[in-house]
Amino acid sequence: MNSKRLSIISMTVIVFSLLFALFSFSSGAESEGLYTYTVKDGEATVIACDSTASGTVTVPEALGGYPVAYIRDGAFDGCSEITEIIIPSSLKELGTVNPDITTAKVTTAPVTTLPVTTAPVTTVPAVTTNNGWTKPIKSIKPTQALTFSSEVTSGIFKDCSALTVLTVLAPDCIINESNVKLSQSVLICGYTLSSAKSFADKNGNAFFDLNCDTLHGYYAGAFGENYETVFFVNKENGLLTVKGTGNIPDYSAHNESPWKLYGSEILSLSFSEGITAIGDYAFCSLNIESLVIPESITEIGENAFASCLSLEKVTAESKTPATINESAFSDCTSLKSITVPAGHASDYKTANGWAAYSDIIFPEFVYGDATGDGKVNAIDVLIMRKYLANFDYETNTSTVSVEKGADANGNGDINASDLLLLRKYVANFDYDTNTSSVVLGPQK
């Protein structure tokens with residue numbers, strides 16, 4: 001009897017202890033920036049990230065003054081707009097269920113250990129360049145191509161459908177495999193002798209060594225204080241992709257940028273939305289034929305794209321002209337057009353730096369937009385009537401100018417049929433829905 005009563009009392013004490021622990025854990029949550037966290041024994045545990053976070057997110061080294069040691073399972077659940085996550089060097093465990101991690105747990109997680117005797121770091125000697133990028137003397141042989149898409153359906157990154165890159169700056173961080181589920185198409189960045197490398201090998205993910213210039217099917221490198229910006233050169237199609245946040249640094253000469261090592265193989269160029277500035281001489285003398293400058297880039301330095309002899313077309317996506325040096329596209333002898341958002345060509349043509357290229361700046365056209373202001377309305381009908389009324393069929397010219405969008409039916413000619421279609425479009429326009437029952441552009 002006493003034994004049974006003792007068992008009941010013991011069970012009751014255990015249940016209440018667990019409830020108390022759970023209550024204490026949840027009630028002590030704090031928030032800072034994107035993160036909700038708890039603190040125990042002087043260390044912070046991230047328990048949630050704002051689900052509206054997007055693009056590249058960097059988990060800070062500390063929250064509330066406490067080092068971030070753990071990231072709890074489910075912390076990024078539903079963060080469907082995040083494309084890259086950077087894990088700080090302070091982290092002890094990723095995907096923890098209980099922040100009360102003991103030393104014994106470390107010894108039972110073989111994925112976090114990689115014996116130095118099997119792959120001594122001295123086998124890949126490295127030299128550091130003056131721009132903070134580290135290049136190895138020997139390269140790792142590529143074994144597979146890399147794709148940038150993912151679908152994560154469980155674990156800490158559940159429903160992080162846009163996640164493409166996970167960077168782990170903590171070499172000895174425990175990665176809880178039961179809770180860290182990643183699509184094989186997610187790129188993992190880290191260090192050779194690290195749990196991140198072990199996890200990538202076991203899970204089949206492409207791995208980018210932050211101290212190496214080659215990954216599966218790509219040349220690659222990194223720069224920035226914490227290697228937060230990386231680049232990839234696809235060996236098959238020559239696409240140079242720069243992903244990360246902040247500014248691409250200035251270089252004092254055309255042959256100093258890290259990707260210059262592969263200059264002859266680079267045929268196209270792409271930037272992630274996190275890049276905000278392009279430094280001096282960053283991409284000069286490449287063999288690219290076209291270039292898209294995303295809206296996030298607000299500054300372009302001296303000779304940034306100079307002497308790109310094959311460059312024919314530049315597209316600037318921002319309605320506000322970026323600040324550029326007038327030499328940004330100097331000696332680009334094949335450059336024929338710089339396309340800017342409709343209605344903002346005049347802004348570019350008069351902006352400092354861009355004015356040097358005013359003769360080849362053209363608005364992104366909209367079918368029916370004869371004036372180039374980005375809109376289609378009665379003013380376009382009026383200008384089209386004037387254009388046709390003053391058209392000389394012997395010289396195929398008119399004393400009235402119209403923009404490319406005047407070709408309302410998209411057949412390559414500007415004539416009376418375009419005016420007729422444009423009049424029908426305006427006559428059938430519904431200003432409540434901002435739509436017309438008449439369709440402009442190529443006719444079926």
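Here is a walk through the fold, from the whole chain down to a few individual side chains.

Keep in mind that this is a predicted model. The chain averages a pLDDT of 78, with 76% of its residues at 70 or more.

Now the overall numbers. The protein chain has six helices and 31 strands. Of its 444 residues, 44% count as buried. The accessible surface comes to about 22400 Å², and carbon and sulfur atoms own 52% of that. If you take the contacts with a separation of 6 or more, 53% of them join residues 24 or more positions apart.

Next, the insides. The largest nonpolar core holds 42 residues, and the members that touch the most others are Ile248, Phe271, Phe283, Phe305 and Phe329. Several elements each supply at least two residues of this core, among them strands E17 (229-234), E20 (268-271), E22 (290-293) and E26 (337-340), plus helix H4 (345-350). Apart from this one lies another core, of 36 residues, including Tyr37, Ile71, Leu94 and Leu182.

Leucine 94 has isoleucine 175 of E12 as its bridge partner. Strands E8 (residues 93-96) and E12 (residues 174-175) run parallel and are joined by two bridges. E8 also pairs with strand E6 (residues 66-72), again in the parallel sense, over three bridges.

Four strands form an open sheet in the order E19-E21-E23-E25, with parallel pairing. Strands E19 (246-248) and E25 (323-324) are at the edges with a single partner strand each, so one side of each has no neighbour in the sheet. Inside the sheet, E21 and strand E23 (residues 299-300) run parallel and are joined by two bridges. Isoleucine 278 has isoleucine 300 in E23 as its bridge partner.

Both of those isoleucines lead us to phenylalanine 305. Leaving out residues up to four places away in sequence, phenylalanine 305 touches Leu269, Phe271, Ile278, Phe283, Cys284, Leu291, Ile300, Ala328, Phe329 and Cys332.

The whole structure has 14 aromatic pairs. In one of them, phenylalanine 329 and tryptophan 354 have ring centres 6.3 Å apart and planes at 40°, so the pair counts as tilted. This pair ties together distant parts of the chain, 25 residues apart: phenylalanine 329 is in the loop between E25 and E26, and tryptophan 354 is in the loop between H4 and strand E27 (361-363). Phenylalanine 329 is buried at 2% relative accessibility, and tryptophan 354 is buried at 1%. Another tilted pair joins tyrosine 425 and phenylalanine 429, with centres 5.8 Å apart and planes at 50°; both of these residues are buried. Stepping back, ring pairs link Tyr251, Trp259, Phe271, Phe283, Phe305, Phe329, Tyr348, Trp354 and Tyr357 into a cluster.

Finish with valine 314, which lies in strand E24. Is valine 314 buried or exposed? Its relative accessible area is 0%, so valine 314 is buried. Which residues does valine 314 touch, not counting residues up to four places away in sequence? They are Leu291, Ile293, Phe329, Leu335, Ser337, Ile338 and Thr339. As for distance along the chain, valine 314 and lysine 336 are 22 residues apart, while their C-alpha atoms are separated by 8.6 Å.

Technical notes
Residues are numbered from 1 along each chain as its sequence is written. This is a predicted model: local features need pLDDT of at least 70, side-chain atom pairs count only at pLDDT 80 or more; totals for chains, interfaces and linings use all residues. Side-chain values use heavy atoms; hydrogens and water are left out. A nonpolar core is a set of buried Ala, Val, Leu, Ile, Met, Phe, Trp, Tyr and Cys residues joined through side-chain atoms within 4.5 Å. Buried means under 20% relative accessible area, exposed over 50%, partly exposed in between (1.4 Å probe, protein chains only). Contact means heavy atoms within 4.5 Å. Two strands pair if DSSP finds at least two bridges between them. pLDDT is the predictor's confidence in each residue, from 0 to 100. Rings of Phe, Tyr and Trp (its six-membered ring) pair if their centres lie within 6.5 Å; planes under 30 degrees apart count as stacked, over 60 as edge-to-face and the rest as tilted. Accessible areas come from the Shrake-Rupley method with a 1.4 Å probe; for residues, only the protein chains shown count as cover.
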